[in-house]
Amino acid sequence: MIAGWIFAFFRLLEVVTLIPTLGMLAYFVNGYVNQNELTPNYILVLFIVSVLAAVWALVTLFRRRSTRESAAFVAFVDICFVGAFIGAVYTLRGIASANCVDASGGVSSTGGVSSSGNTITISPLDINYTPFSVSANKTCTMLKASWAFGIMNCIFFFITAILAMLMHRHERGVVVEKEVYRRRSHESR
């Protein structure tokens, strides 16, 4: 019983993490389609896997009774999605080392005395304050977020596969079949 509730919780987490992934990757697919170019494999693979996984997660979440009855099959498909997400994350591995955000500013000790523009120097302490600014590359941050959600879904689908096997183990019970024999006699007249 508890495995079923935990299973539903992780299915909900999968749906919550797959929806933004679908949105971000659909943005890229739409951009390439509008430019009449082929979508790169590293975007397309994760997009296709995410679409299929989102449909599977929603179906198994809403049909929990049939999920419990066919828990071994659900576990098998979840393990297949783990492999698919590992492949998709591997194809998008180039984004892992990318620096998507440039942050500058803050407080530093410079030892000089100056005051110009947005920079303020406090003379007796030699502390320099520059207003904090952040610039982010939208394409890079969206791909990196999709990559991170792909890794999270690898973990979530593995957990739900284990929970489905637990549900399958607990659903196996002793099946007693009762056979009824009826005896009919035919009399000749």
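Figure 1. Cys80 is partly exposed, because its relative accessibility is 40%; buried means under 20% relative accessible area, exposed over 50%, and partly exposed in between, with a 1.4 Å probe and protein chains only. The model is predicted, and therefore local features need pLDDT of at least 70 and side-chain atom pairs count only at pLDDT 80 or more, whereas totals for chains, interfaces and linings use all residues. Residues are numbered from 1 along each chain as its sequence is written, and side-chain values use heavy atoms, with hydrogens and water left out. Cys154 has a relative accessibility of 12% and therefore counts as buried. The structure holds one disulfide, a term for a pair of cysteine sulfur atoms within 2.5 Å. This disulfide is formed by Cys100 and Cys140, whose sulfur atoms lie 1.9 Å apart. The link of Cys100 and Cys140 is left-handed, with -55 degrees about the S-S bond. Cys100 counts as buried because its relative accessibility is 9%, and Cys140 counts as buried because its value is 10%.

Figure 2. Arg11 lies in helix α1, which spans residues 2–34; helices (H or I, at least four residues) and strands (E, at least two) are DSSP runs, numbered from the N terminus. Arg11 has 0% relative accessibility and therefore counts as buried. The side chain of Arg11 makes a polar contact of 2.7 Å with the side chain of Thr60. Another polar contact, of 2.9 Å, joins the side chains of Arg11 and Asp78. A polar contact is a pair of N or O atoms within 3.5 Å; within protein, one must be able to donate a hydrogen and the other to accept it, and residues adjacent in sequence count only if both atoms are side-chain atoms. Residues up to four places away in sequence aside, Arg11 touches Trp56, Ala57, Thr60, Leu61, Val74, Asp78, Phe157 and Thr160, where contact means heavy atoms within 4.5 Å.

**Figure 3. Thr160 and its partners.** Thr160 is placed in helix α5. With a relative accessible area of 0%, Thr160 is therefore buried. The side chains of Thr160 and Arg11 are joined by a polar contact of 3.4 Å. When neighbours within four places in sequence are set aside, Thr160 is in contact with Phe7, Phe10, Arg11, Glu14 and Asp78.

**Figure 4. Crossing of helices α1 and α2.** The axes of α1 and helix α2 (residues 41–62) come within 8 Å and cross at roughly 145 degrees; axes are lines fitted to C-alpha atoms, for helices over the stretch in contact, and angles run from 0 to 180 degrees between N-to-C directions. The crossing of α1 and α2 is left-handed, a label used if the near helix is turned anticlockwise from the far one by less than a right angle, with right-handed used if clockwise. The contact of α1 with α2 comprises 23 nonpolar, three polar and two charged residues; Ala, Val, Leu, Ile, Met, Phe, Trp, Tyr, Cys and Pro count as nonpolar, Asp, Glu, Lys and Arg as charged, and the others, Gly among them, as polar.

**Figure 5. Crossing of helices α1 and α4.** The axes of α1 and α4 come within 15 Å and cross at roughly 35 degrees. This crossing of α1 and α4 is left-handed. Phe7, Arg11 and Leu18 in α1 meet Val74, Asp78 and Phe85 in α4. The contact of α1 with α4 has four nonpolar, no polar and two charged residues.

Figure 6. Asn36 is found in the loop between α1 and α2. The phi of Asn36 is near 60 degrees, a positive value in a residue other than glycine. Most residues other than glycine have a negative phi. Asn36 has a relative accessible area of 72% and is therefore exposed. Ser70 lies in the loop between α3 (64–69) and α4 (71–91). Ser70 counts as partly exposed because its relative accessibility is 31%. The C-alpha atoms of Ser70 and Ala164 are 8.9 Å apart, and these residues are 94 residues apart along the chain.
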